[in-house]
Amino acid sequence: MAAAEFAAAYIALFTAHHAADYLAQSDRMSARKAGWTEQGADGKPIPHSGWGANQVHAATHSVTELLALGLLAIVVHLPLPVWGVTAAVLWIHLTHSLIDRRWPVRAWMRRAGAGDFVQRGGMPLVDQSMHMVFGLFPAALLIAGGAS
């Protein structure tokens, strides 16, 4: 039974992830979640940390994931463990926040010898892969592990 719960949870989390990243994320949030610099009235650069936009984006993920998992539990009558869902949503919030700072993606690509892939537009693909591998997969395991 845990395998079915894992698969169902992963599909729900995968769907919610894409909804939060592509349907609910504004251009402004995307541009600011890793930090940004703007020009002040005096012409000097003003750096911003971006953590506020980052946490709003991660919270959007958390809400979307909870909605998707709630629908899964209600519609298909799948009892999901409260502690597993809580741990999974917290895990995704933390990993999503970190990955979206962008430096982990650049560092991964450099270490993998894929620096040129950044220049060819590969960062968003590696970003999404990192979310799947380090965020959603372990989160679905947390949910399935608590359901057995």
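In the predicted model, ring pairs link Phe6, Tyr10, Phe14 and Phe137 into a cluster, where rings of Phe, Tyr and Trp (its six-membered ring) pair if their centres lie within 6.5 Å, with planes under 30 degrees apart counted as stacked, over 60 as edge-to-face and the rest as tilted. The model being predicted, local features need pLDDT of at least 70 and side-chain atom pairs pLDDT 80 or more, whereas totals for chains, interfaces and linings use all residues. Residues are numbered from 1 along each chain as its sequence is written, and side-chain values use heavy atoms, without hydrogens and water.

A search of the whole structure finds four aromatic pairs. Phe6 and Phe137 form one that is edge-to-face, at 5.3 Å centre to centre and 75° between the planes, and this pair links helix α1 (residues 2-23), which holds Phe6, with helix α7 (residues 123-147), which holds Phe137, across 131 residues; helices are DSSP runs (H or I, at least four residues) numbered from the N terminus. The ring centres of Trp108 and Phe134 are 5.5 Å apart with planes at 65°, so this pair is also edge-to-face. Phe134 is partly exposed, with a relative accessible area of 33%, and Trp108 is partly exposed at 45% (buried means under 20%, exposed over 50%, partly exposed in between, with a 1.4 Å probe and protein chains only).

Leu72, placed in helix α3 (residues 51-75), is buried at 14% relative accessible area. Not counting residues up to four places away in sequence, Leu72 touches Ala8, Ala9, Ala12, His77, Leu78 and Leu80, contact meaning heavy atoms within 4.5 Å.

Key. Helices (H or I, at least four residues) and strands (E, at least two) are DSSP runs, numbered from the N terminus.
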